[in-house]
Amino acid sequence: MNGVAMSTEACPALVLNADYRPLSYFPLSLWSWQDAIKAVFLGRVNILSEYDRMVHSPSFAMRLPSVVSLKTYVAPAKHPAFTRFNVFLRDHFHCQYCGSADDLTFDHVVPRSRGGRTTWQNVTTACSPCNLYKGGRLLSESGLHLRQRPVMPTVTMLQQNGRSFPPNYLHQSWNDFLYWDTELEA
Ligand SMILES: [Zn+2]
């Protein structure tokens with residue numbers, strides 16, 4: 001796309017799977033306008049909505065896509081990756097002992113010193129104060145209670161959780177394809 005002239009303002013495209021659901025909610029699946037246009041020209045996506053803004057080159061002019069959908073359905077992974085981000089997302093970014101959203105860390109429910117392993121089922125989101133308070137103790141010894149038992153989440157579960165974290169920027173044309181919990185309550 002050499003020679004395309006436009007302002008540098010970002011116009012990301014929301015990327016939907018072939019079933020018109022976002023590839024991911026959190027982080028929201030977005031492509032730069034350059035990637036979106038490339039995919040259009042490669043015939044990989046349909047354009048569902050457009051920005052008013054246009055790109056021009058000597059040979060063509062087109063509106064920037066604001067929503068595209070893949071022509072070929074991409075099956076989501078069966079099991080989400082065991083990452084720090086996904087553990088936080090499973091736990092809604094809240095300490096599972098006191099509910100705080102600040103100063104979050106990870107706690108081994110059964111401490112490593114007691115043979116606890118680093119797995120979905122034994123790692124939970126905890127704020128620093130709770131983590132410090134619990135220390136190397138078992139739940140029964142610390143008197144702390146888990147708000148939810150740590151489990152291996154499904155991809156669907158994480159997507160559901162991600163839907164309650166709308167990104168800072170939402171283009172108007174994306175609303176039809178995003179179902180934030182806040183909107184459902186309105
Ligand atoms: Zn806490």
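How many helices and strands are there in the protein chain? There are six helices and six strands, where helices (H or I, at least four residues) and strands (E, at least two) are DSSP runs, numbered from the N terminus. Before we go further, please keep in mind that this is a predicted model, in which local features need pLDDT of at least 70 and side-chain atom pairs count only at pLDDT 80 or more, while totals for chains, interfaces and linings use all residues. Residues are numbered from 1 along each chain as its sequence is written.

Let us start with the overall layout. Read from the N terminus, the elements of the protein chain follow the order β-β-α-β-β-α-β-β-α-α-α-α. The chain has 186 residues, and 23% of them count as buried. Here a residue is buried if 20 or more other C-beta atoms lie within 10 Å of its own, exposed if 12 or fewer, and partly exposed in between, with C-beta atoms placed from the backbone. Among the contacts with a separation of 6 or more, 58% come from residues 24 or more positions apart; two residues are in contact if their C-beta atoms, placed from the backbone, lie within 7 Å.

Now to the open sheet. Four strands form it in the order S2-S1-S4-S3, with mixed pairing; two strands pair if DSSP finds at least two bridges between them. Its edge strands are S2 (30–31) and S3 (45–56), each of which pairs on one side only. S1 and S2 run antiparallel and are joined by two bridges, and Leu14 stands opposite Leu30 in S2.

Helix H1 lies across S1, S2, S3 and S4, and runs at about 80° to S4; axes are lines fitted to C-alpha atoms, for helices over the stretch in contact, and angles run from 0 to 180 degrees between N-to-C directions. Which residues of H1 are buried? They are Trp33, Ala36, Ile37 and Ala39. Seen down the axis of H1, these buried residues fall within an arc of 160°, so they line one face of the helix; the arc is that of the directions from the helix axis to the C-beta atoms. S1, S2, S3 and S4 are included in what covers them.

This brings us to the cores. A nonpolar core is a set of buried Ala, Val, Leu, Ile, Met, Phe, Trp, Tyr and Cys residues joined through C-beta atoms within 7 Å. The largest one has 14 residues, and Ala13, Leu14, Trp33, Ala36, Val67 and Val68 have the most contacts inside it. Strand S1 (13–16), helix H1 (33–41) and strand S4 (61–70) each give two or more residues to this core. Apart from it lies another core, of five residues, including Cys95, Tyr97, Cys127 and Cys130.

Cys127 also belongs to strand S6 (residues 123–127), where five of the five residues are buried. Val123, Thr125 and Cys127 point one way from S6, and Thr124 and Ala126 point the other way. Strand S5 (residues 104–108) runs antiparallel to S6 and is joined to it by five bridges, with His108 opposite Val123.

Finally, let us follow the chain out of H1. Just after this helix, Gly43 takes a positive phi of about 75°. Arg44 sits in the loop between H1 and S3 and counts as exposed because it has 12 C-beta neighbours inside 10 Å. Setting aside neighbours within four places in sequence, Arg44 is in contact with Ala39, Leu70 and Lys71. Arg44 and Lys71 are 27 residues apart in sequence, yet 5.7 Å apart in space, C-alpha to C-alpha.
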